[in-house]
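Work through the following exercises with the sequence and the structure at hand. Each task is followed by a solution in steps.

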Amino acid sequence: MEVEYVLVGFGLAGLAFATVLEEQQKSFVVFEDASQTSSNVAGGVYNPVVLKRFTPVWQAKSQLEVALPFYQKWEEKLGKTYDHKFDTYRIFSAIEEQNNWFLAADKPLLSPYMDSKVIWETYPGLKSKYGFGKLQHTGRIDTKSLLSDCKTYFESQQVMRYESFDYEALDLSSGEVTYKDIKAKRVVFCEGYGMHQNPFFKHLPMQEVKGELLTIQAPLLEVDFLVKAAVFLLPLGNHYYKVGATFHWKDKSLATTEAGKKELQNKLASFMTVPYTIVEQSAGIRPTVKDRRPLLGVHPKHTQLALFNGLGTRGVMIAPKMAQELYQHLSEGTPLEEEIDLRRFSNKGESQA
Ligand SMILES: Cc1cc2nc3c(=O)[nH]c(=O)nc-3n(C[C@H](O)[C@H](O)[C@H](O)COP(=O)(O)OP(=O)(O)OC[C@H]3O[C@@H](n4cnc5c(N)ncnc54)[C@H](O)[C@@H]3O)c2cc1C
């Protein structure tokens with residue numbers, strides 16, 4: 001079988017790149033082995049403001065300009081809703097935070113999103129002594145449903161192969177790519193934290209962060225906006241909410257933990273007062289890079305191998321734009337911005353592969 005591209009991994013990165021390839025009418029095959037869960041468990045939130053410091057997210061405006069139409073196209077194509085738009089309410093913990101909010105809401109980059117008034121409305125079940133700051137144009141992509149439906153779609157195009165990509169079986173001697181029965185021009189690795197097993201790219205400095213989330217049912221809580229306090233409380237409808245997420249740098253397993261559950265419950269108790277039941281706990285590893293920027297580009301020696309990784313904590317917003325930039329780079333030779341190009345780490349030693 002001859003194709004132009006082989007993709008390894010079908011999380012948000014793999015989906016975004018496969019979408020570009022389909023639009024460009026390029027042939028491809030996707031390998032996916034369910035070894036990572038990040039894109040499937042993600043809260044799926046997109047939000048252009050860093051809610052700890054009230055600063056703009058890196059390239060938020062231009063990312064959203066690509067990301068929102070990207071998800072809308074899939075909605076139209078598959079006849080489903082994946083983009084659930086809502087406001088985000090930040091619970092202030094002190095007067096000082098309100099003041100910081102006012103200052104930030106005045107800034108040109110933030111004013112389209114941040115409502116400059118304090119919201120004093122009360123909501124049964126939520127503690128809000130100092131009121132809320134309201135953020136507009138935020139929402140949640142239902143990444144789990146989107147990925148599942150897109151897999152079904154690409155299965156119908158006969159491009160999905162549900163197996164682990166075996167790096168040892170890769171033959172690069174011809175200058176192109178031979179992999180088992182496949183001849184291709186390029187391989188694009190979209191493996192998330194799976195990159196740590198990839199002999200061609202595992203030297204790159206990923207500082208992956210495990211995250212855990214709870215899904216709860218709280219029959220007495222009635223909010224249709226995202227609440228951000230010690231953790232986020234994200235409305236799923238019918239009194240179901242996601243609560244998350246934890247950040248753990250040492251544990252690299254995908255297992256859910258009692259400690260993660262307790263941490264989330266304690267943080268939730270700091271601002272939510274109504275009873276709830278836990279219906280699910282999930283965990284994943286965010287592919288975060290040391291400098292918090294994506295990792296894109298080609299291998300320095302084997303230029304037929306490319307990497308699409310480093311989406312960190314914000315894959316929903318970042319992936320569609322980065323997929324376009326990587327494609328332009330691979331197909332037209334358009335240079336990648338220095339801050340996302342994996343060559344920024346080239347002086348840190350290359351892999352032996
Ligand atoms: C708890 C938690 C909450 C999060 N919340 C949000 C949020 O609210 N908003 C947001 O934007 N982001 C969020 N994120 C981050 C987001 O999930 C990531 O940025 C994004 O999912 C990364 O996508 P990816 O495709 O690069 O990696 P992954 O999702 O890890 O996908 C990689 C894929 O490659 C496959 N794979 C790996 N190696 C191989 C191999 N050798 N062969 C075949 N297949 C392979 C894996 O099975 C996997 O499907 C969250 C993450 C976590 C863990």
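**Exercise 1.** Which residues does F154 touch, not counting residues up to four places away in sequence?

Solution. The model is predicted, so local features need pLDDT of at least 70 and side-chain atom pairs count only at pLDDT 80 or more, while totals for chains, interfaces and linings use all residues. Residues are numbered from 1 along each chain as its sequence is written, and side-chain values use heavy atoms, with hydrogens and water left out. Contact means heavy atoms within 4.5 Å. With those sequence neighbours set aside, F154 touches F10, L15, A18, E22, F28, W74, V159 and M160.

**Exercise 2.** Describe the largest nonpolar core and the elements that build it.

Solution. A nonpolar core is a set of buried Ala, Val, Leu, Ile, Met, Phe, Trp, Tyr and Cys residues joined through side-chain atoms within 4.5 Å; buried means under 20% relative accessible area (1.4 Å probe, protein chains only). The largest such core has 49 residues, and F154 is among those with the most contacts inside it, as are F10, L15, F17, F28, V188 and F308. Elements giving two or more residues to this core are β1 (5-8), α1 (12-23), β2 (28-31), α3 (60-78), α5 (143-156), β20 (305-309) and α7 (315-332). Helices (H or I, at least four residues) and strands (E, at least two) are DSSP runs, numbered from the N terminus. Of these elements, α7 gives the most, with 9 residues. A second, separate core of 28 residues includes V3, V29, Y167 and F201.

**Exercise 3.** Determine how α3 and α7 are oriented, and what lies between them.

Solution. Axes are lines fitted to C-alpha atoms, for helices over the stretch in contact, and angles run from 0 to 180 degrees between N-to-C directions. The axes of α3 and α7 come within 8 Å and cross at roughly 90 degrees. The two helices are therefore roughly perpendicular, a label for angles of 65 to 115 degrees. Residues in the contact include A60, L64 and F70 of α3, and V316, I318 and P320 of α7. The contact residues divide into 10 nonpolar, 4 polar and 1 charged. Here Ala, Val, Leu, Ile, Met, Phe, Trp, Tyr, Cys and Pro count as nonpolar, Asp, Glu, Lys and Arg as charged, and the others, Gly among them, as polar.

**Exercise 4.** Is S282 buried or exposed?

Solution. S282 is found in strand β18 (residues 277-286). S282 is buried, because its relative accessible area is 12%. Leaving aside neighbours within four places in sequence, S282 is in contact with V41, G211, E212, L213 and T256.

Terms used:
Buried < 20%, exposed > 50% of the residue type's maximum accessible area, 1.4 Å probe, protein only. Parallel < 35°, antiparallel > 145°, perpendicular 65-115°, else oblique.
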